[in-house]
Amino acid sequence: MWQTIGHEWAIDLLCRSLEQERVAQANLFTGPEGVGKTHLAWAFAAALNCERDVRPCGECRSCRLVARRGHPDVLLVEPDGARLKIDQARDLQHTLSLSPVMGRRRVAILTRFETATREAANALLKTLEEPPAQVVLILTASEADLLLPTIVSRCRVMALRRAPEGAISSALQERLGLADEQARMLARLAGGRPGWALRAAQDGALLASRAQDLDLLEELLRWGKVDRLETAERLSKRDDLPTLLALWQTWWRDLSLAALGCGDLVVNLDRLEAVRRNAAQITAQQANAAVGGLSRAQALLPKNVNARLALEVMLLNWQRVS
């Protein structure tokens, strides 16, 4: 009962490793935010300690505890604020040195590992090289390239691809009872990220926030340099800046598609009119340049660059429209 949307190849690989008792002790799941990395990590943790033959069963005591996030041998380590810190790494190392309380293995899930400080990453390197016999580590990150090569080389890397739009739409209808049209719209907006689609279907504030961020983008296109510089300073303080940049990237890609006459491929269907309106003033080449600028900013942010300066360079290069 993996209950995972998409990623059948990854589930099949993990199931075979369980059947053959050849489980990698250090794993790295990569992919964009909302694609299902952490969900798959929890399902794998349940399977590792499941008490039945077909794992995870979802019904045994161990599986129920994992589902409630209360299993004593399954540990979740998330960034403390913006970073995963060395004190967290040391506390985890101490806990992993102890024998499991009730399960077969101790499982540690470390999310958004690209946020780990160099000290924290180096502290965990020894554990990744020689983990205790009954320990399995599962790291998640948006991209393997954002981690130290020494970390990546010691993990089995599983790059999760975006889930098919049809699979997300079907899951929304089956699990949440959404109407077909609404499910298809959210599936398209999700861009292959089932986690985002599920949250958006249940949290209206998420869609409202998305609308505000896209409104801001359209306003920036009309503003001059001074307003753009002031906006860069404000945006640099946002905790969700990577998410914002990823959203804006989808809009610019849509604009490029519309400029090329491929409006049927647009992701942000609820913004189709605005996309076409702006595409009349911005060429596909200019839109692609904006996509590239967003990619550069996304790559720089985890490297502790000055976020305000990175945003200023990006925004000042955007084409201005009337």
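Student: Where does H7 lie?
Tutor: H7 is in the segment before α1 (8–19). Helices (H or I, at least four residues) and strands (E, at least two) are DSSP runs, numbered from the N terminus.

Student: What should I know about the model itself?
Tutor: This is a predicted model, with residues numbered from 1 along each chain as its sequence is written. Local features need pLDDT of at least 70, side-chain atom pairs count only at pLDDT 80 or more, totals for chains, interfaces and linings use all residues, and side-chain values use heavy atoms, with hydrogens and water left out.

Student: Back to H7. Buried or exposed?
Tutor: H7 counts as buried, at 4% relative accessibility. Buried means under 20% relative accessible area, exposed over 50%, and partly exposed in between (1.4 Å probe, protein chains only).

Student: What is the phi of H7?
Tutor: Phi of H7 is near 60°, a positive value in a residue other than glycine. Most residues other than glycine have a negative phi, and most peptide bonds are trans.

Student: And E21, what is its phi?
Tutor: E21 is not a glycine, yet its phi is positive, about 55°. E21 lies in the loop between α1 and β1 (26–30). At 53% relative accessibility, E21 counts as exposed.

Student: You mentioned peptide bonds. Which residues does a cis peptide bond join?
Tutor: R55 and P56, with omega about -5°. P56 sits in the loop between α2 (37–49) and α3 (61–67).

Student: Let's zoom out. How many helices and strands are there in the protein chain?
Tutor: The protein chain has 15 helices and 5 strands. Its radius of gyration is 22 Å, close to the 20 Å from the globule rule for 322 residues, so the chain is as compact as a globular protein of that length. The radius is taken over C-alpha atoms, and the rule is 2.2 Å times the number of residues to the power 0.38.

Student: What does the C-alpha trace span along its principal axes?
Tutor: About 65 × 45 × 30 Å. Of the 322 residues, 49% count as buried.

Student: Now the inside. Which residues touch the most other members of the largest nonpolar core?
Tutor: L245, W248, W252, M314 and W318, out of 31 residues in that core. A nonpolar core is a set of buried Ala, Val, Leu, Ile, Met, Phe, Trp, Tyr and Cys residues joined through side-chain atoms within 4.5 Å.

Student: Which elements give two or more residues to this core?
Tutor: They are α10 (204–222), α11 (225–235), α12 (241–259), α13 (272–279), α14 (284–300) and α15 (307–316). The largest share, 9 residues, comes from α12. There is also a second, separate core of 29 residues, which includes A10, L14, A45 and V74.

Student: W318 came up. What is W318 in contact with?
Tutor: Leaving aside neighbours within four places in sequence, W318 is in contact with L217, L220, L221, R228, W248, W252, A290 and L294. Contact means heavy atoms within 4.5 Å.

Student: How many aromatic pairs are found in the whole structure?
Tutor: The search finds 3. The W251 and W252 rings have their centres 5.4 Å apart and their planes at 90°, so that pair is edge-to-face. Rings of Phe, Tyr and Trp (its six-membered ring) pair if their centres lie within 6.5 Å; planes under 30 degrees apart count as stacked, over 60 as edge-to-face and the rest as tilted. Ring pairs link W248, W251, W252 and W318 into a cluster.

Student: W251: buried or exposed?
Tutor: W251 is buried, at 0% relative accessibility. W252 is buried too, with a relative accessible area of 0%.

Student: Switching to α11. Which of its residues are buried?
Tutor: R228, T231, A232 and L235. Seen down the axis of α11, they fall within an arc of 105°, so they line one face of the helix. The arc is that of the directions from the helix axis to the C-beta atoms. An α-helix has 3.6 residues a turn, so residues three or four places apart point the same way.

Student: What covers them?
Tutor: The cover for the buried residues of α11 includes α10, α12 and α15.

Student: Last one. Which helix does A41 lie in?
Tutor: A41 lies in α2. A41 is buried, with a relative accessible area of 0%. Not counting residues up to four places away in sequence, A41 touches F29, I109 and I138.
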